[in-house]
Amino acid sequence: MSRHIAFYELRDALAQLGCPLCRLETRVAERYLDFLLWERVNDPDLRQNLRQARGFCREHAWMLVRPGASLGIAVMLHDVLQDVLQSLNDAVMQPSQEVRRPLERLRMTIAPAPPPAVAGIVAALEPQGEQICPACVQCRVMEEVYLDVLLDSLSEAGGLLEAYQSSDGLCLPHFRRAVQRVRTQRVLDALLHAQRTVWERLRYQLGEVIRKNDHRFHDEPWGEEADAWLRVIEALVGAAPTQPEVPGRVRGEDGYERTGR
Amino acid sequence: MGRTMSFYDLRDAMALPGCPVCRLKANAVRRHLDNLLWESVNDAGVRREIRNARGFCQQHAWQLVEGGSSLGVVIIMHDVMQHVLQLLETAAFQPPAPTLRQRARSALDPSRAAPANAELLAKLRPQAPCPVCVHAETTERVLISTLVQELLGEGGLLSPFRASEGLCLSHLRQALAQTPNAEVFDALVGVQREIWRRLTDQLAELIRKEDYRFRHEARGEERGASLRALAILSGPRIITSDAG
């Protein structure tokens, strides 16, 4: 049976630690940002998108930082900042619309919605239209492809069900998006069963960590539950956005790997 | 005139690199997480909030383990995981709502297909915001309110603000939304414009010095301008302490 390249990428990602979708999305973003920095810095469409999006989202902005990227970043952000400055140059507050009443000022502190006098200026500084970080757009497209391939393969012979069950499974945010794309009872059953297997294992391991912190069992050797405190974070919120140096993890070839497994 | 603590915090943060509100917000988050781990792990109310939020947001969840392994983290997350697993116990398939409009939309653009399993999805979604985000946003509001109220006047924040790296784009928007009058507005926008113009010039200088004709020129204050621009437009890399 012929397979989509995404199938093999998923199969490989499932054999590694952490949520396979987070891992693949990070790779998609890394490749896209590389392509952007080395090939597209002077592309007028990209620059317009970036100006309208007011730059990159926080996660992808800091992923741009890599050796030799300084000029590319400077060129793109110089452009965005100039556009933002232009909005500030045009900004004027009408004196007649000053907020003088104490109650109004109190309301602004508690729930700061921009008053009419500055609403236009605040809106001009927001991302324009529906434009969002271009790396997020790329990741969202690929995420849908990977999720559809994963769901299709769960109920077919030679699919990814077994690999899924022995992996760390999807993180909760990706699991929610997978559930949203399920189209049959059979696939949902397979997905739920696999995810429950993964999370039951993790729950047991967390219980073991708590038990072994008890003074009565403190001398028992640590097993595969040793890094469960990190895996549960990834399981509930997804991989670390800026990949901080977390004790217990060492850098692998393509990201962060954990010791202990 | 009596000043609040936030005034002095802001004044001190303005002498340090980066957006002062981002820095103080990050410090507040760090303190809140420490307090959570050392004081509130077994607080039933706190645990309910965290369960309802389905844990924390991505950023704050990872900040929770920056200090290394902690029994507190495991106890909190074990609880959330148990709750999420319970939600899966009773899950049953629910097809997408079969309205004509949604069927047409799915047929035209499969990527915008109507979501299936709406009930299960609604249960799995956070039922409350990340409790650390709530705390951080409160701190942020107080700081920005102090900034706009104390910007002008004798001994106000205008002078340290002018010497600082200014606000990031997100906090400038929030500050503008709270400006009480045109004087404060003009001062805030004027100073911010000056700071960002300086940064834009530094970026231009950085670009110029990458040209082979000027490559030999020594780097000056434009060094690191790319990173400063990233922080201004997209928010800082997570700052967890006052160092640097």
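I'll start with the core of this predicted model. The largest nonpolar core has 146 residues, and those touching the most other members are Phe175(A), Trp199(A), Phe56(B) and Trp196(B). As background, nonpolar side chains in soluble globular proteins tend to be buried together.

Next, helix H12 of chain B, residues 225–234. Seven of its 10 residues are buried, and the helix is mostly covered. The buried ones are Ala225(B), Ser226(B), Ala229(B), Leu230(B), Ile232(B), Leu233(B) and Ser234(B). Their cover includes H4 (58–63) and H5 (70–89) of chain A, along with H10 (169–178) and H11 (182–208) of chain B. Just after H12(B), Gly235(B) has a positive phi of about 100 degrees.

Last, a helix pair within chain B. H2, residues 20–39, and H8, residues 131–149, have axes that come within 9 Å and cross at roughly 140 degrees. Roughly antiparallel would need an angle over 145 degrees, so H2(B) and H8(B) are oblique to each other. The crossing is right-handed. On the H2(B) side, the contact is made by Val21(B), Leu24(B), Lys25(B), Ala28(B), Val29(B), His32(B) and Leu33(B). H8(B) contributes Pro131(B), Val132(B), His135(B), Ala136(B), Thr139(B), Glu140(B), Leu143(B) and Ile144(B). By class, that contact has 10 nonpolar, three polar and two charged residues.

Terms used
Residues are numbered from 1 along each chain as its sequence is written. Chains are lettered from A and ligands numbered from 1 in the order in which they are written. This is a predicted model: local features need pLDDT of at least 70, side-chain atom pairs count only at pLDDT 80 or more; totals for chains, interfaces and linings use all residues. Side-chain values use heavy atoms; hydrogens and water are left out. Axes are lines fitted to C-alpha atoms, for helices over the stretch in contact, and angles run from 0 to 180 degrees between N-to-C directions. Helices (H or I, at least four residues) and strands (E, at least two) are DSSP runs, numbered from the N terminus. Angles under 35 degrees count as roughly parallel, over 145 as roughly antiparallel, 65 to 115 as roughly perpendicular and the rest as oblique. A crossing is left-handed if the near helix is turned anticlockwise from the far one by less than a right angle, and right-handed if clockwise. Contact means heavy atoms within 4.5 Å. Ala, Val, Leu, Ile, Met, Phe, Trp, Tyr, Cys and Pro count as nonpolar, Asp, Glu, Lys and Arg as charged, and the others, Gly among them, as polar. A nonpolar core is a set of buried Ala, Val, Leu, Ile, Met, Phe, Trp, Tyr and Cys residues joined through side-chain atoms within 4.5 Å. Buried means under 20% relative accessible area, exposed over 50%, partly exposed in between (1.4 Å probe, protein chains only).
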